[in-house]
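Please examine the sequence and the model before reading on.

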Amino acid sequence: MTKDNLLSRISIDPNICFGKPCIRGHRIWVSLILDYLAGGTTIEEVLEAYPSIEREDILACIAYGAEMARDVFVELPLTKKKEASA
C-alpha cells in the first residue's frame, strides 16, 4: 500500500473532533493511536481495543505522523457535512 493510499484513510472535518485528524469514518484521533504506539502498545493491542479499525488505519496514522515530522503540510480534503433531507 502506498503512502498516498494510506493517507486517504485519514480525514479532517472541522465539525468532527474539533477538526483534528482522525481515522476516516471514525472519531479516533491520529494522535491517540500514535500515543498508544509511543507508549509501547502493539498494533495488535490497538486493534483489539478498537475492533472497528484495520491494520492499514494504524499504518496510516504512522504515515501521517511521519509527514508531519518532516515539516511537510499534508493537505487532506475537508469532509463536507451531509445536509439533512427535508
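## Helix packing and cysteines

In this predicted model, helix H2 (residues 30–38) and helix H4 (residues 55–69) have axes that come within 9 Å and cross at roughly 95 degrees. H2 is therefore roughly perpendicular to H4. On the H2 side, the contact is made by Val 30, Ile 33, Leu 34 and Leu 37, while H4 contributes Ile 58, Cys 61, Ile 62, Tyr 64 and Gly 65. Sorted by class, the residues in the contact of H2 with H4 comprise 8 nonpolar, 1 polar and no charged.

These two helices belong to a protein chain that has 4 helices and 2 strands. Read from the N terminus, the elements follow the order α-β-β-α-α-α. The protein chain has 86 residues, of which 29% count as buried. Among contacts in the protein chain with a separation of 6 or more, 47% are accounted for by residues 24 or more positions apart.

How many disulfides does a search of the whole structure find? The search finds 0 disulfides. Cys 22 is in no disulfide, and the nearest cysteine sulfur, that of Cys 17, is 3.8 Å away.

| Residue | Relative accessible area | Class |
|---|---|---|
| Cys 17 | 13% | buried |
| Cys 22 | 2% | buried |
| Cys 61 | 0% | buried |
| Phe 18 | 74% | exposed |

The loop between strand S1 (10–11) and strand S2 (22–23) contains Cys 17. Phe 18 also lies in the loop between S1 and S2. Phi of Cys 17 is near 50 degrees, a positive value in a residue other than glycine. For Phe 18, phi is near 60 degrees, again positive in a residue other than glycine. Is Cys 17 buried or exposed? Cys 17 counts as buried because its relative accessible area of 13% falls under 20%. Phe 18 counts as exposed because its relative accessibility of 74% is over 50%.

How values were computed
Residues are numbered from 1 along each chain as its sequence is written. This is a predicted model: local features need pLDDT of at least 70, side-chain atom pairs count only at pLDDT 80 or more; totals for chains, interfaces and linings use all residues. Side-chain values use heavy atoms; hydrogens and water are left out. A disulfide is a pair of cysteine sulfur atoms within 2.5 Å. Buried means under 20% relative accessible area, exposed over 50%, partly exposed in between (1.4 Å probe, protein chains only). Contact means heavy atoms within 4.5 Å. Axes are lines fitted to C-alpha atoms, for helices over the stretch in contact, and angles run from 0 to 180 degrees between N-to-C directions. Angles under 35 degrees count as roughly parallel, over 145 as roughly antiparallel, 65 to 115 as roughly perpendicular and the rest as oblique. Ala, Val, Leu, Ile, Met, Phe, Trp, Tyr, Cys and Pro count as nonpolar, Asp, Glu, Lys and Arg as charged, and the others, Gly among them, as polar.
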